[in-house]
Amino acid sequence: MASPSRIFTAALVVIGDEILSGRTHDKNIAQVAAWLQVQGIRLKEVRVVADDTAAIVEAVNTLRARNDYLFTTGGIGPTHDDITVDAIAEALGVPVIVHPEARAILESYYETRGGLTDARLRMARTPDGASLIPNRYSGAPGIRYGNVFIMAGVPSITAGMLDALSGKLEGGAPLLSETIGCWVGESEVADLLRETEKTFETCQIGSYPFWAEGRTGANFVIRSVDAEDLAACTRALVRGLEALGNPAIAGGI
């Protein structure tokens, strides 16, 4: 379902006081971004918000309106502070229901695990009109409502939900990339980077400086949806670096 002529965008809202307090280190941003890139969708913005209804509503309504897709992670568990479903339903202007299919899934999953308690039943709640995202790890499904995808905060479960969505969203051409490294200060090659990117309008060049082995270096990541342009831009940058006396290292340092 690729539309190469159009760029599809997504935003991500990471929900949870534990992320903002530093008690939990988020791992979902990187995996969501990488997964989206394969689907031909650009992650344009990420927000981290507290377990606060007003904050979630504002973030959801703002970001779903200006992107093709909005993903959220966190806050859909069985405890009292898991308020994501309620907040997103408020943002969407619909009531919360116990989704019959989700309830059946949880009843089956917990049949030999102590039964479906009131707390566990909370994980069957969805905005009215939503569909489900399969979860092969813990039974409790993710939720889709229009262009909003509500997923778990546990990275392994998030990964499974993303896998269930693979190939099912409309996207553009996947963003391709090449990396080269160089022992040079990025300020010394700033003009080269700017002029090379200007020459190859379908490409973007990111510069990532570092200090190692007692000297300054930088890795340059060239990105494009066009494989031929990507290769040509990479070759031009390599030649430019070498002309300045800075040999390039394929794959980065």
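Mentor: A salt bridge here is a side-chain nitrogen of Lys or Arg within 4 Å of a carboxyl oxygen of Asp or Glu. Keep in mind that this is a predicted model.

Trainee: Is Glu 58 buried, partly exposed or exposed?

Mentor: Buried means under 20% relative accessible area, and exposed means over 50%. Glu 58 has 41% relative accessibility, so Glu 58 counts as partly exposed.

Trainee: What helix holds both Arg 103 and Glu 107?

Mentor: These two form a salt bridge, with the closest N and O atoms 3.2 Å apart. Arg 103 is partly exposed at 36% relative accessible area, and Glu 107 is partly exposed at 39%. They sit four residues apart, about one turn, in helix H5.

Trainee: How many salt bridges does the count come to?

Mentor: Side chains of opposite charge can pair when their charged atoms come close. The chain has 22 positive and 31 negative charges, and their mean positions are 2 Å apart. The salt bridge count comes to eight.

Trainee: Which element gives the most to the largest nonpolar core?

Mentor: That core has 44 residues. Elements that give two or more residues include strand S1 (8-15), helix H3 (53-65) and strand S8 (148-151). With seven residues, the top contributor is S1.

Trainee: Which residues does Ile 56 touch, not counting those up to four places away in sequence?

Mentor: Ile 56 is among the residues with the most contacts inside the largest nonpolar core, along with Tyr 69 and Phe 71. Leaving out residues up to four places away, Ile 56 touches Ile 15, Val 49, Ala 50, Ile 83, Ala 87 and Ile 88.

Trainee: How many residues are in the second, separate core?

Mentor: In soluble globular proteins, nonpolar side chains tend to be buried together. The second core includes Ile 180, Cys 182, Val 189 and Leu 237. Its size is 18 residues.

Trainee: Which residues does Leu 175 contact, leaving aside neighbours within four places in sequence?

Mentor: Leu 175 lies in the loop between H7 and strand S9. At 14% relative accessibility, Leu 175 counts as buried. Beyond its sequence neighbours, Leu 175 is in contact with Gln 37, Arg 42, Gln 204, Arg 223, Ser 224 and Val 225.

Trainee: What percentage of the residues count as buried?

Mentor: The chain has nine helices and 12 strands. Its C-alpha trace spans about 70 × 40 × 35 Å along the principal axes. Of its 253 residues, the buried share is 44%.

Notes. Residues numbered from 1 in each chain as written. Predicted model: local features only at pLDDT ≥ 70, side-chain atom pairs only at ≥ 80, totals over all residues. Heavy atoms only, no water. Core = buried A, V, L, I, M, F, W, Y, C linked by side-chain atoms within 4.5 Å. Buried < 20%, exposed > 50% of the residue type's maximum accessible area, 1.4 Å probe, protein only. Contact = heavy atoms within 4.5 Å. Lys, Arg positive; Asp, Glu negative; His and termini not counted. Charge placed at Lys NZ, Arg CZ, Asp CG, Glu CD.
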